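Hi,

Here's the structure I promised to pass along.

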Amino acid sequence: MPKKDLLSWSVHRKSVDARKGKVLFSFVIDAEVRHEKKYLSKKDVTIAPDESFHFEPKGTQPLHDRPVVAGFGPAGIFAALLLAEYGYRPIVLERGAEIEQRQKDVKTFWNGGPLDPESNVQFGMGGAGAFSDGKLTTRSKDIRIRRIFDDLVRFGANPEILYEQHPHIGTDGFVPILKNARAYIESKGGTFRFDTRLEDLQIEDNALEGIDYCTRERNKDSKAADAEEESCHSLGCQALIAAIGHSAGDTIQMFSRHGMDIENKPFAIGVRIEHLQKYINKAMLKDQAHNPDLIPARYQLTFKSSQDKGVYTFCMCPGGYVIAAQSAPQTVVVNGMSYSDRAGENANAALLVQIDESDTGSEPFAGIHYQEELEKKAWDLSASNKAPVQLASDFVAGRMSDHFEQVKPTYPLGTVFADFNTLLPAPAAAALKEALIDFERRVPGFLEGALLTGVETRSSSAVRLNRDRETMLSSIAGVYPAGEGSGYSGGIMTSALDGLKAAMALMDRFDRPADASIK
């Protein structure tokens with residue numbers, strides 16, 4: 001192409017193909033050109049798709065009170081952003097703390113202090129995704145995904161996420177985004193109440209009329225457990241987006257008491273597996289293991305066990321850390337996290353096995369009880385927040401570990417050696433063992449020195465809050481389940497998209513609140 005024909009260009013997508021030992025960078029370019037028809041006749045040249053966001057609310061039903069968004073994780077963030085943009089002035093309730101206080105609460109716990117059941121890795125401004133690797137990959141082809149990426153960049157994310165093959169933010173990268181998104185929502189008339197839990201629904205003729213919420217008052221002058229007080233209030237509300245997250249079992253139980261249609265769904269449990277990142281680089285990239293454009297390397301593995309159970313690695317954190325992710329006392333839950341530079345010595349990934357009603361039984365909330373019992377069993381091993389650990393090779397061989405090898409644990413609250421063959425339910429343990437043997441065959445050295453830390457139980461929701469496919473309404477009119485807690489999404493991007501769709505559905509039913517006062 002002559003330079004004079006190229007008016008402007010930008011990178012639309014960048015990907016890497018490191019197969020067969022040869023590294024290739026592949027680019028899709030958006031270009032504005034002269035003589036468009038001439039270039040469209042060439043192979044692999046097409047009109048760029050229109051990825052701009054188009055939406056006009058069609059709602060006509062009067063909304064006497066401002067809509068409420070319960071939860072400010074990815075689903076709640078993008079629901080509240082869209083509602084605010086279109087003049088609906090949402091009220092956001094978040095049971096956890098705003099981000100600075102939440103970081104303090106989590107740090108206190110990771111340093112050996114008390115767990116705050118309301119402000120931790122699961123609950124608080126940003127949701128569970130705020131303490132993660134911040135992966136933004138998704139298999140969804142929904143065109144609205146681009147709107148989410150654009151908003152993330154608008155509020156502070158690196159513009160490279162718009163075209164990278166495996167975009168991520170890192171736990172530290174979320175902080176400015178959260179602050180800027182909150183400021184935007186407030187600038188449009190939105191209101192936030194942190195340390196505020198959705199307590200109950202007020203329902204008439206199976207339609208939402210109001211909510212009850214409880215706010216705790218932090219006494220910053222005292223560290224005593226009884227220094228905090230809770231005050232509860234009522235609020236008129238005909239439209240609620242329930243973006244409560246996958247660990248708000250108490251809120252889900254409350255919905256059930258009001259007759260919401262809720263069903264068990266498959267989920268997954270397992271462990272975190274840690275390797276040295278330099279081993280992962282070598283195993284995945286071979287002679288390109290030191291290429292700064294490719295490291296830190298990542299992996300994704302799947303397996304089907306002899307008992308027909310799916311096993312897979314999930315949320316792989318290059319240069320990351322295994323973290324304490326419990327939200328209830330006397331439980332142990334682990335997850336993975338990376339900072340934006342992914343500079344940690346270890347890599348970790350969830351190693352998960354699919355669980356269904358054949359494992360849990362079919363009673364209501366059987367999956368939630370299954371999760372809770374396993375988390376409590378892990379805590380009981382040491383009657384502390386220490387996480388059970390075992391060398392992967394010892395797990396496969398059926399023997400207890402009594403020492404670490406080259407991989408040292410990154411879990412912050414200490415560890416206790418255990419045998420996951422007996423800690424995990426037998427079908428799950430058998431499936432994980434088969435998978436590890438297969439992974440070693442496919443990736444030589446995968447078992448050597450690798451460390452298992454458990455238990456990982458909160459990768460997804462164990463229930464689904466059933467909703468209408470078109471209107472997104474639950475069986476209680478006015479309540480829109482959204483995000484991971486609804487059972488319809490998993491991960492940052494699909495949860496954000498679900499929140500966006502819930503806000504659109506709400507605005508296609510309800511008109512803007514006219515003179516609803518700020519309460």
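Predicted model: local features only at pLDDT ≥ 70, side-chain atom pairs only at ≥ 80, totals over all residues.

The strands under discussion belong to an open sheet of 5 strands, in the order β5-β4-β3-β9-β21, with parallel pairing. At the edges sit β5 (191-194) and β21 (479-481), each of which pairs on one side only. From one strand to the next, the twist averages 15°. Strand β3 (residues 68-70) and strand β4 (residues 91-94) run parallel and are joined by 3 bridges, and A70 stands opposite L93 in β4.

Now the cysteines. The count comes to 1 disulfide, which joins C214 to C232 with an S to S distance of 2.0 Å. The pair links distant parts of the chain: C214 is in strand β7 (residues 207-217) and C232 in strand β8 (residues 229-236), 18 residues apart. The torsion about the S-S bond is about 105°, so this disulfide is right-handed. C214 counts as buried because its relative accessibility is 3%.

What about C237 and C317? For C237, the closest cysteine sulfur is in C214, 15 Å away, which is too far for a bond. C317 has its closest cysteine sulfur in C315, at 4.2 Å, and that is also too far for a bond, since the cut-off is 2.5 Å. C237 counts as buried, at 0% relative accessibility, and C317 counts as buried at 0% too.

Cheers

Technical notes:
Residues numbered from 1 in each chain as written. Heavy atoms only, no water. Pairing = 2+ DSSP bridges. Helix = DSSP H or I, 4+ residues; strand = E, 2+ residues; numbered from the N terminus. Axes fitted to C-alpha atoms, helices over the stretch in contact; angles between N-to-C directions. Buried < 20%, exposed > 50% of the residue type's maximum accessible area, 1.4 Å probe, protein only.
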